[in-house]
Structure formats: structure tokens, C-alpha cells
Amino acid sequence: MKLESNRIYIRRLMQDDLSALLSVRIRNREFLQPFEPTHLDEHFTLAGQIELFERALHNWSNGLAYGFGIFLKDEDKFIGRVNLSNVVRGAWESCSLGYFLDEAYNGLGLMTEAVRLAVRFAFHEAKLHRVQAAVMPRNLGSIRVLEKAGFLYDGMSTYYLQINGRWEDHNLYSLTVENWDGDELSR
């Protein structure tokens, strides 16, 4: 399954994508470090990425998470990830949203397109009711992505996630199917 916008598409990663993924992870290690949990050095090896890939396959097959690669349409080039994780069914029918993009492609609106595509998948294919995201208040670019994609601010949670070795406060955002603007991708 491939979901497309004007400039990008997202799809499930395949084993053939792991070299490109590893390259982006290595090239962006310092850039992403302030915004991610601390990773062991093994994370930045092909073996580490294979292990994560196998876990992602298991999670997708069991409806626990849906991870996508982000690709430039014109070049068919891998540039990042967008993930719907921590899927919980029952009364909640929700998931958490996470993403990263190669630094070279930041500020172009590509991540907003990827988030909108992932949300479309969440509401159409996965039949979820709510997608939520947590972002550190100083991560203004990520906040802007969420706002442009239609997410609403829910509040702030103190010491919410351990990021780069520190417990960090996070702003919480969410989008429910009732507040979603449908398939509008061009805003």
C-alpha cells in the first residue's frame, strides 16, 4: 500500500529500504539527538536496523503499530519515517504519532504531507478514532507540523518522555476523526 500526496508518498518499509534508512539515521544522528531517546551505538548499524525492521513487521501484522517510510515521489528517495505506534483498541481506539525527517528536507512542508497521509491511514484503513502526538515545547518546527495537519493542543504534561537522557515536558496534541478535515492534503 502506497499513500501519495503531490510531492511524497509513504509506504511500509521493505528490507530493500534498510540501507537508505541507515544512511539517513547516521547522517542525521546529531541533528535528531536532541529530540529522541538515547540510542545505543547498535541502533546505527545495519544489524540494529534489521532488528527494528523485524519488530516493525511483527507490530504491523498484529495491529500494534504502523510504520511508514517517507519517499520523494520524483526521485523515489527515502527521506524519513512517520509512525503510528502504541495502538490500543477497545474504548480508546487510538495511537501515538512519531516522525523524523532528513535535515536536508526540513522546512519544506514535506513532513506535514507525511503526517496527513499517516492520519488518513489511521482513520480509513486502521479504523482508529484518535491520533495523538507529544512534542517538546522548544521543538517549534514539529509543533508547526502538527498544527498545519489539524492537530489540536490538549495541554502540557511534565516530565513526559525521556529524551536524550533527560525527562522532558511535552505539549500534547491530538486529532480525532470528528475534527479531521478528511482527505484535504493541499492546505
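1. Secondary structure. The chain of this predicted model holds five helices and eight strands. Read along the sequence, the order is β-β-α-α-α-β-β-β-α-β-α-β-β.

2. Overall dimensions. The radius of gyration is 16 Å, close to the 16 Å that the globule rule gives for 187 residues, so the chain is as compact as a globular protein of that length. The C-alpha trace spans about 40 × 35 × 35 Å along its principal axes.

3. Of the 187 residues, 46% count as buried. The accessible surface comes to about 9,900 Å². Carbon and sulfur atoms hold 51% of that surface. Among contacts with a separation of 6 or more, 61% are between residues 24 or more positions apart.

4. Strand S3, burial. S3 covers residues 66–72, and seven of its seven residues are buried. Both faces are covered. One side carries Tyr66, Phe68, Ile70 and Leu72. The other carries Gly67, Gly69 and Phe71.

5. Strand S3, partners. Strand S2 (residues 8–12) runs antiparallel to S3, and five bridges join the two. Within this pair, Ile8 is bridged to Leu72. S3 also pairs with strand S4 (residues 77–88), again in the antiparallel sense, over seven bridges. Here Gly69 stands opposite Arg81.

6. The S3–S4 turn. These two strands form a hairpin with four residues between them. Asp76 sits in the loop between S3 and S4. Its phi is positive, about 55 degrees, although Asp76 is not a glycine.

7. Asn164 lies in the loop between strand S7 (152–163) and S8. Asn164 is not a glycine either, yet its phi is positive at about 50 degrees. With a relative accessible area of 34%, Asn164 is partly exposed.

8. The largest core. Nonpolar side chains tend to be buried together in soluble globular proteins. In this model the largest nonpolar core has 39 residues. Ile10, Ile70, Leu84, Leu97 and Phe151 touch the most other members. At least two residues of this core come from each of S2, S3, S4, strand S5 (94–101), H4, strand S6 (130–135), helix H5 (140–148) and strand S8 (166–176). H4 supplies the largest share, 10 residues. Apart from this core lies another, of 10 residues, among them Leu13, Leu18, Phe53 and Phe100.

9. Helix H4. Residues 110–124 make up H4, and 14 of its 15 residues are buried. At 1.5 Å a residue, the helix should span 21 Å; the end C-alpha atoms are 21 Å apart, which agrees.

10. Ile10. What does Ile10 touch beyond residues up to four places away in sequence? The list is Met1, Lys2, Leu3, Phe68, Gly69, Ile70, Val82, Ala114, Leu117 and Ala118. Two of these names return from S3: Phe68 and Ile70 share one side of that strand, while Gly69 is on the other.

11. Phe53. This residue of the other core lies in helix H3 (residues 46–61). Phe53 counts as buried, at 11% relative accessibility; the cut-off is under 20%. Leaving aside neighbours within four places in sequence, Phe53 is in contact with Leu13, Met14, Gln15 and Leu18. Leu13 and Leu18 are also named in that core. Leu21 is 32 residues from Phe53 in sequence, and the C-alpha atoms of the pair are 10 Å apart.

12. Ile143. Helix H5 contains Ile143. Is Ile143 buried or exposed? At 10% relative accessibility, Ile143 counts as buried. Beyond its neighbours within four places in sequence, Ile143 is in contact with Val135, Met136, Pro137, Asn171 and Tyr173. Val177 is 34 residues from Ile143 in sequence, and the two lie 20 Å apart, C-alpha to C-alpha.

Terms used:
Residues numbered from 1 in each chain as written. Predicted model: local features only at pLDDT ≥ 70, side-chain atom pairs only at ≥ 80, totals over all residues. Heavy atoms only, no water. Buried < 20%, exposed > 50% of the residue type's maximum accessible area, 1.4 Å probe, protein only. Pairing = 2+ DSSP bridges. Expected span 1.5 Å × (residues − 1). Core = buried A, V, L, I, M, F, W, Y, C linked by side-chain atoms within 4.5 Å. Contact = heavy atoms within 4.5 Å. Rg over C-alpha atoms; globule rule 2.2 N^0.38 Å. Areas by Shrake-Rupley, 256 points an atom, 1.4 Å probe, with all protein chains shown as cover.
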